[in-house]
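Please look over the strand pairing in the model shown here, taking the sheets one at a time.

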Amino acid sequence: MTQQFTTRLTQLSAAMADTGVLGIQRGIEREALRICEQGKLAPNGHPKALGAALTHPLITTDYAETLLEFITPVSDSVEQVLSRLTDIHHETMKQLDGQRLWPLSMPCYIGDEEDIVLADYGQSNIGKMKHAYRQGLRHRYGSAMQVISGVHYNFSLPMSFWQNLQKVEGDQQDIAEFVSQRYMGLIRNFYRYGWMVAYLYGASPALCGSFMNAGDSELAFETMGKGTLYLPYATSLRLSDLGYTSSAQHQLDINYNSVSEYVKSVRKAVSTHSDEFANIGVKVEGEYRQLNANILQIENELYAPIRAKRVAKPGQTPSQALAEDGIEYIEIRALDVNPFSGVGVTESQVRVIDSLLLACVLMDSPEMDQNELQQSRDNFNIVAIQGRNPALEMTIAGQTQGLPKHIEQLLEQMSKAAELLDVQREAPDFSNALEEVIADISNDNTYSSRFLRLLKAQAQDNSGLGLQWAAQYREEMLGHTSINWQDQDFSAMAEQSFIEQQAIEAGDDLDFDDFLVKYFENANK
C-alpha cells in the first residue's frame, strides 16, 4: 500500500466521516439462454408475453432470440437492485411455458450453430440495424462465441464523493473534467487489477464439448463425464482467449489515458477498413452480411472488461456522448454468471466489486502505454486459464511476483476501501463481504474451485450440473413473491413496448440503405 493511497484515504475518510460514501448508483444486466428441459436451446422465438425486445425497459434479447437479457433500473441500494433482478426473473419464468434459464456462462449443448437464431427487433430501421449488426458478428466470429453469457455491472460514485476527493487533493479544474479524469484512472487500474474478479468469481472452468466443435483451441483440456472439457486451474474460460477473439481487434491501439484520447482511438477503430472482414462482403444479393467492412462495425463491437459510459442523447453514438459530457458511469463486463445464485449474482459479490472499484479510484493510476495495456490483457487471460495455479507469477505495473502476493496486496487496499464504504452504515456489510472472500481464498473455495469440486464429487458432466441448477432455480423463481412490480405492471410494460415499437416503425421516413448512410455520416462527425 503506497503512502499516497494511505494519505488520500485518510483525508477522504475524515472529510466524509459524517456522510459516508452513500448514494452509489448501480445497475445490473444479466444474460441467460432459454433452454428446453432436456438442455438444448429453446426452439421458439422471444415470447410475446415478455414484450418487444426492442423497447421493453427490463427484458430484452442480446445476440440471439434465445439469449435473454434482464436490465434493472438504476438504484442506490444493493438490496433493491438484487430484489428487482429477482422480480424480473420471476416474471420471465412464469412466461416460459416450462422452459428454463441456463445457469452457466458457457453455453449449453450446441449441435449446430445454425440452430442459433439471431435476435429479431422488428421492421424499423433501428431494429434492422441491430439485426444486421448481429449478422456481422455471426460472420466475423461465429454464433457459438456470441451466446456466451455474462453479468454486466454498472457503477457510478455520488457527486458528493467526487467533490470531497477533489477538495482533499486541492484540484481546481471543472468538476466534470475531474470526474472523467478519475474514472479513466479507475479504468486503467481495473485493467491492472480487474483479474481479481475472474479469480474470485470466475465460474466457467469447464464447458460442454459441443462448444469446441465450433472452433479449435490450443488449450490442453482434460475430460470428464460424457463430454465435459475443463482446465484444472482455470477460473473463467469465458474471459480467456477461448471466448471473444478477433485478430483484427488485437491490432487496435485503444488509449485509456483521457476521454479525448479514448474517443479518438475508438472512432479510428470504427472507421478503419479491414481486409479480413471485407472478404465477407457487406450487402450480398440484397441482404446485409454486416454493417460495414471496418474493424468495428459500431463502437459496441469493441470487446473490453470495462467500459466508460454515459447515457446517450437521441442520435448520439456512445463516443459522442462521452466527448460532449464526459463519463457518467462505468460498466464492468468481467463477471461470469454465478451458478450458485438463481439470478446469476449476489449482494456479496456487488459489495466486493464495489470495494475493488473504489480501491482502483484511490490508488495512483499512471498513464498506460500499449505495452502495459497488452500485458494487462495477458494477465486477464492468464488468470482465466490458470488462476488457481499456486506457482503462477504475473507482472503488474512493472512488479513481477507470485499471484498470491499480488492478491494479498490488493486485498489490503480493498479492505481499506470497504471500511470507507461502511461509514454511516448500520452494519459493516462491505467489510463482512470481503472477509468472506478472504476466507474463501484461504479455504480454496472460490467459485471455480467449488464448481470443479462439485463436478468431480457428483461424477457429473457440465450439462448435467447445469440442468440440475436450471430446474432448481426455475422452482425458486416461480415461488418468489414480487416486491417491486406486480403482474399488471409487467403486462402494462409488455403492451407499451409493442406500442412504442410500432410507433418507431411508423415514424421511419428513410429506406434502410439511406438510414445507414445517414447514421454513419452522423457517427463520423
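In what order do the three strands of the open sheet stand, and is their pairing parallel or antiparallel? The order is β6-β8-β7, and the pairing is antiparallel. This is a predicted model, in which local features need pLDDT of at least 70, side-chain atom pairs count only at pLDDT 80 or more, and totals for chains, interfaces and linings use all residues. Residues are numbered from 1 along each chain as its sequence is written, and side-chain values use heavy atoms, with hydrogens and water left out.

**The open sheet**
- Because β6 (206-208) and β7 (222-224) each have a single partner strand, they stand at the edges, and one side of each lacks a neighbour in the sheet.
- Neighbouring strands here are turned by 35 degrees against each other on average, direction ignored (axes are lines fitted to C-alpha atoms, with angles from 0 to 180 degrees between N-to-C directions).
- Strand β8 (residues 228-230) is joined to β6 by three bridges in the antiparallel sense, and L229 in β8 stands opposite L207.
- Strands are DSSP runs (E, at least two residues) numbered from the N terminus, and two of them pair if DSSP finds at least two bridges between them.

**Strand β1 and its partners**
- Ten of the eleven residues of β1 (residues 25-35) are buried, so the strand is largely enclosed by the rest of the structure; buried means under 20% relative accessible area (1.4 Å probe, protein chains only).
- With β5 (residues 151-156), β1 pairs antiparallel over six bridges, and I28 stands opposite Y153.
- With β4 (residues 100-101), β1 is joined by two antiparallel bridges, and L101 is the bridge partner of R34.

Conventions:
Helices (H or I, at least four residues) and strands (E, at least two) are DSSP runs, numbered from the N terminus. Buried means under 20% relative accessible area, exposed over 50%, partly exposed in between (1.4 Å probe, protein chains only).
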